Amino acid sequence: MLKILGDICFADGYFDRGRGVGSAITAGVNPFQYLSRSDDDFWIGNFECVSANSRDSHFVISHEALDNVRHLDLYGVANNHSMQIGAEGYKQTVDYLERRNIKYVGSRRHRSTEFSHQDKKIGIIAFSMRPDNFSYEPLYWHLPELSDIADEINKLKNCDFRIAFIHWGYEFINRPNIEQRQMAHWLVDTGIDLVVGMHPHVAQGAEIYKNKSIFYSLGNTLFNMPWAPTRYGLMINVNLSDDEPKVWSDYTAIGDDFFPRIVEDVPHEFTRQYLDSLIPLVVENEIYFSQVRDFTKQYTKANRKAVLKRMLSMPMSEKVLLISDFVNRRLFKR
């Protein structure tokens with residue numbers, strides 16, 4: 001089967017350098033150790049960081065440390081952290097994946113890719129609809145025109161199953177907006193069989209349109225974020241062994257060690273039943289963006305509380321580094 005995961009950051013993030021995901025991986029831990037992985041499955045995820053032998057920075061992990069990971073089979077590399085340290089970092093990330101013989105999709109040179117699984121030919125395109133804060137010329141497929149997307153989908157016309165892997169929407173809100181729904185439906189009309197969204201860092205619902213599945217956000221799979229909604233996500237399963245593909249989802253949960261597990265039960269507000277029910281509740285953009293701000297405030301409050309709690313046990317050198325990070329981000333926008 002195909003197994004599709006959400007946002008994955010292998011590096012330490014903001015405010016947790018020395019104590020985050022990347023530090024655990026550098027110490028030799030495989031972050032996917034709790035996922036039951038069969039060699040018969042093909043795993044896909046969103047590579048939302050940089051692998052480079054470069055200066056110490058958030059969202060950056062060295063090649064040597066990343067060798068400790070039992071990697072997925074294919075990564076999307078079109079997201080708003082791909083250019084975290086510029087073009088050289090992005091190139092080193094792609095070079096690392098190529099050297100490890102790991103498939104990837106979403107760069108300007110590789111907008112789509114094809115592979116075979118379960119005796120089917122599968123095509124996948126990946127792009128980002130989010131602004132890039134680190135580069136005026138991202139090296140990934142960025143804010144494409146609909147005509148360019150249609151052309152890329154047409155290149156996959158001989159595939160048995162076509163996936164669109166999209167970085168879009170707004171952070172921390174648990175529902176898509178009307179423009180996303182319109183685009184998702186257009187993608188299906190243009191030939192996509194499965195739409196997979198990410199970027200909000202929380203799970204959003206899914207819907208069926210013309211017998212095709214649309215998942216608006218899978219949420220986080222591997223990320224150090226303290227707010228409860230950012231700890232629960234979705235994993236898509238696709239069985240292509242029959243004439244008609246079967247698509248369903250499982251829940252994922254991130255533990256206190258940052259690593260994901262497959263779980264059966266989640267709080268009601270993170271269930272598919274609840275999240276799916278929010279999709280048809282169309283609201284005007286003004287109301288929607290007010291909701292985005294409300295959710296962002298909730299996340300910010302939880303994050304600040306976690307950072308202050310963490311500071312109590314930090315040595316002074318780490319406290320200085322954390323405060324420096326905060327000043328650079330809030331005052332100098334670095």
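Reader: In which sense do β8 and β9 pair, and over how many bridges?

Author: In this predicted model, Phe 161 of β9 is the bridge partner of Ile 122. The pairing between β8 and β9 is parallel, and the number of bridges is seven.

Reader: Which residue of β10 is the bridge partner of Ala 164?

Author: Strand β9, residues 161-167, also pairs with strand β10, residues 194-198. This pairing is in the parallel sense over five bridges. Within β10, the partner of Ala 164 is Val 195.

Reader: What is the strand order of the open sheet of six strands?

Author: The edge strands, each pairing on one side only, are β7 (112-117) and β11 (206-209). Neighbouring strands are turned against each other by 20 degrees on average, direction ignored. The pairing is mixed, and the order reads β7-β8-β9-β10-β12-β11.

Reader: What angle does the direction of helix α5 make with that of β11?

Author: Helix α5, residues 178-190, packs on the sheet. The strands touched by α5 are β8, β9, β10, β11 and β12. With the direction of β11, the direction of α5 makes an angle of about 40 degrees.

Reader: Which residues of β9 point the other way from Phe 161, Ile 163, Phe 165 and His 167?

Author: In a regular strand, side chains alternate between the two faces of the sheet. Strand β9 is mostly covered, with seven of its seven residues buried. Opposite to Phe 161, Ile 163, Phe 165 and His 167 point Arg 162, Ala 164 and Ile 166.

Reader: Which residues have the most contacts inside the largest nonpolar core?

Author: Nonpolar side chains tend to be buried together in soluble globular proteins. The largest core here has 45 residues. Elements that each supply at least two of its residues include β1 (2-8), α3 (87-99) and α7 (285-311). The residues with the most contacts inside this core are Phe 10, Phe 32, Phe 47, Tyr 75 and Leu 97.

Reader: How many residues does the second, separate core have?

Author: Among the members of this second core are Ile 4, Val 105, Phe 161 and Leu 275. Its residue count is 29.

Reader: Why does Ile 61 count as buried?

Author: Ile 61 lies in strand β4, residues 60-61. Beyond four places in sequence, the residues touched by Ile 61 include Phe 10, Ile 25, Val 50 and Leu 66. Ile 61 counts as buried because the limit is under 20% and its relative accessible area is 4%.

Reader: What is the phi of His 199, and what is that of His 201?

Author: His 199 and His 201 are found in the loop between β10 and β11. His 199 is buried at a relative accessible area of 3%, and His 201 is buried at 2%. Neither residue is a glycine, yet phi is positive: about 115 degrees for His 199 and about 70 degrees for His 201.

Reader: How much space lies in the largest cavity?

Author: The count comes to two cavities of 30 Å³ or more. Residues lining the largest cavity include Arg 175, Ile 178, Arg 181, Leu 278 and Tyr 288. The space in this cavity is about 80 Å³.

Technical notes: Residues are numbered from 1 along each chain as its sequence is written. Side-chain values use heavy atoms; hydrogens and water are left out. Two strands pair if DSSP finds at least two bridges between them. Helices (H or I, at least four residues) and strands (E, at least two) are DSSP runs, numbered from the N terminus. Axes are lines fitted to C-alpha atoms, for helices over the stretch in contact, and angles run from 0 to 180 degrees between N-to-C directions. Contact means heavy atoms within 4.5 Å. A nonpolar core is a set of buried Ala, Val, Leu, Ile, Met, Phe, Trp, Tyr and Cys residues joined through side-chain atoms within 4.5 Å. Buried means under 20% relative accessible area, exposed over 50%, partly exposed in between (1.4 Å probe, protein chains only). On a 1 Å grid over the protein atoms alone, a cavity is a set of points where a 1.4 Å probe fits but cannot get out, and a pocket is an open set with protein on both sides within 12 Å along at least five of seven lines; lining residues have an atom within 4 Å of a point. Grid points are joined across faces, edges and corners, and a volume is the space filled by probe spheres set on the points.
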